Amino acid sequence: MAPYESDDSTEDLGSRRRKAARYVVPVAVVGVAAATIGLVPALADSGDPDLPKISAQQLIEKIAASDVEQLSGTVKITTDLGLPDLGGLENSLMGGGGSGSRSGDGSSADPTSKLTALASGTHTLRVAADGEDKQKLSLLEDAAEYSLIHNGKDVWGYDSGSNEVFHATTDESSSKEEEVPATPKDLTEDALKAVDDTTSVTVEGTAHVAGRDAYRLVIKPKDSGSTVGQITVAVDAKTGLPLKFTLTPASGGAAVVDAGFTQISYAKPAASTFDFTPPKGAKVTEEDASGAPERHSGDSGDFGDSGRDFAGDEDFAKGGPEGLNVIGEGWTSIATFDTGGQGIPSGSEAGGAFGGFLDSLGDKASGKFGEGTVFKTRLINALITDDGKVYVGAVTKDALVKAANEAK
């Protein structure tokens, strides 16, 4: 077993997430949304606290032993993936009609689309939690508010701007293994499962975060080729709760994700915090029994958690998850799958906002594998070959090309 790695580290993390996790932490922005729940940066107070010395392993054990189940606070999150403005693209894909709209009879309150806003820019959120079955996240916008509430069996999304509601239910009989990873402790434990002998883990100083004394846990890849420079987590010295999460890219510059509590309280939130009744006149969309939002003949462009509708084509994803393989290990591992011969259209072929989005991200690449396009961000890069093979990871373009060449 690798250093600091839990016994179930080889377990498929996706299979452990309850149905509600798709809404508390949508896959489209899973790394970002995870940070908003609890691995979040904060405005640090001036002056570092004088705390007792602690080793990295002791600090990790402190995180694991943290029993915080009740909290409320304000979170500020800034995400800079190097993506162009997603607003126009989202409106185009979702059928236009302004902020938060969706095409056909879809709901602007569906979190799988609404929370894509967290993938770029700076946002302020209010968060609250009371145990395993009650969490609330509110995204504060200029003229409206979006709230995501998990209370027992019910998961509600509400967009005040459009007065639309999305409702789903979870299985009360779900075992503890299927619980929503909605607390900082859960999310940090998942993140630490990536720590192995390719990773350097140290404690580097202290900080004040949201009025709390904290230790700084620093996680760095040892090997070159990863786009990750380092991850810094500020851990509450008293409770062991992660308060601040900062991911810096190997390329330097601003953090890719810088998210954290600006204010936090460990007092029990009022029970009414998690109450929700659809407002009078609100349009309510119910998730159907299959676990997908009810859809009608005019509804297209859904990027749900399963990824079934990549660019509106269900055939794209069918060859993905089923044939997924991982090349290498640790921070430089690369996921690969075959779409069955379907490559990605060029920007001119795709047309519109989506075509411009592809052009802004893509670099042509060639090698023994043939030709393809590398779609790049400051963290995740993907090579999609013209014959439909996909290579993706938090690695450089050269690493992707090398992997594709070696696979021939």
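Histidine 208 is buried, at 19% relative accessibility. Here buried means under 20% relative accessible area, exposed means over 50%, and partly exposed lies in between, with a 1.4 Å probe and protein chains only. The model is predicted: local features need pLDDT of at least 70, side-chain atom pairs count only at pLDDT 80 or more, and totals for chains, interfaces and linings use all residues. Residues are numbered from 1 along each chain as its sequence is written, and side-chain values use heavy atoms, with hydrogens and water left out.

Histidine 208 sits in strand β8 (residues 199-209). Strands (E, at least two residues) and helices (H or I, at least four) are DSSP runs, numbered from the N terminus. The histidine 208 side chain makes a polar contact with the side chain of aspartate 213, at 2.9 Å. Such a contact is a pair of N or O atoms within 3.5 Å; within protein, one must be able to donate a hydrogen and the other to accept it, and residues adjacent in sequence count only if both atoms are side-chain atoms.

Next, the charged pairs. Side chains of opposite charge can pair when their charged atoms come close. The structure holds seven salt bridges, each a side-chain nitrogen of Lys or Arg within 4 Å of a carboxyl oxygen of Asp or Glu.

One of them joins aspartate 80 and arginine 378, at 3.3 Å from N to O. Aspartate 80 lies in the loop between β2 (70-79) and α5 (87-93), and arginine 378 in the loop between β17 (370-376) and β18 (381-385), so the pair ties together parts that are 298 residues apart in sequence. Aspartate 80 is partly exposed, at 32% relative accessible area. Arginine 378 counts as buried, at 19%.

Another salt bridge pairs arginine 126 with glutamate 145; their closest N and O atoms are 3.2 Å apart. Arginine 126 belongs to strand β3 (residues 121-130) and glutamate 145 to strand β5 (residues 145-151), 19 residues apart. Both ends are partly exposed: arginine 126 at 40% relative accessibility, glutamate 145 at 24%.

Arginine 212 and aspartate 236 also form a salt bridge, with the closest N and O atoms 2.8 Å apart. This pair links strand β9 (residues 212-221), which holds arginine 212, to strand β10 (residues 228-236), which holds aspartate 236, 24 residues away. Arginine 212 is partly exposed, at 23%. Aspartate 236 is buried, at 1%. Elsewhere, salt bridges that share partners join Asp338, Asp387 and Lys389 into one network.

Now the sheet. Six strands form an open sheet in the order β14-β15-β19-β18-β17-β16, with antiparallel pairing. Two strands pair if DSSP finds at least two bridges between them. β14 (325-327) and β16 (362-367) stand at the edges with a single partner strand each, so one side of each has no neighbour in the sheet. Neighbouring strands are turned by 25° against each other on average, direction ignored. Axes for such angles are lines fitted to C-alpha atoms, for helices over the stretch in contact, and angles run from 0 to 180 degrees between N-to-C directions.

Within this sheet, β15 (residues 334-338) and β19 (residues 389-393) pair in the antiparallel sense over four bridges. Threonine 336 has tyrosine 391 in β19 as its bridge partner.

Last, a helix. In α4 (residues 56-65), Ala56, Leu59, Ile60 and Ile63 are buried. They cover an arc of only 100° around the axis, which puts them on the same side of α4. The arc is that of the directions from the helix axis to the C-beta atoms.
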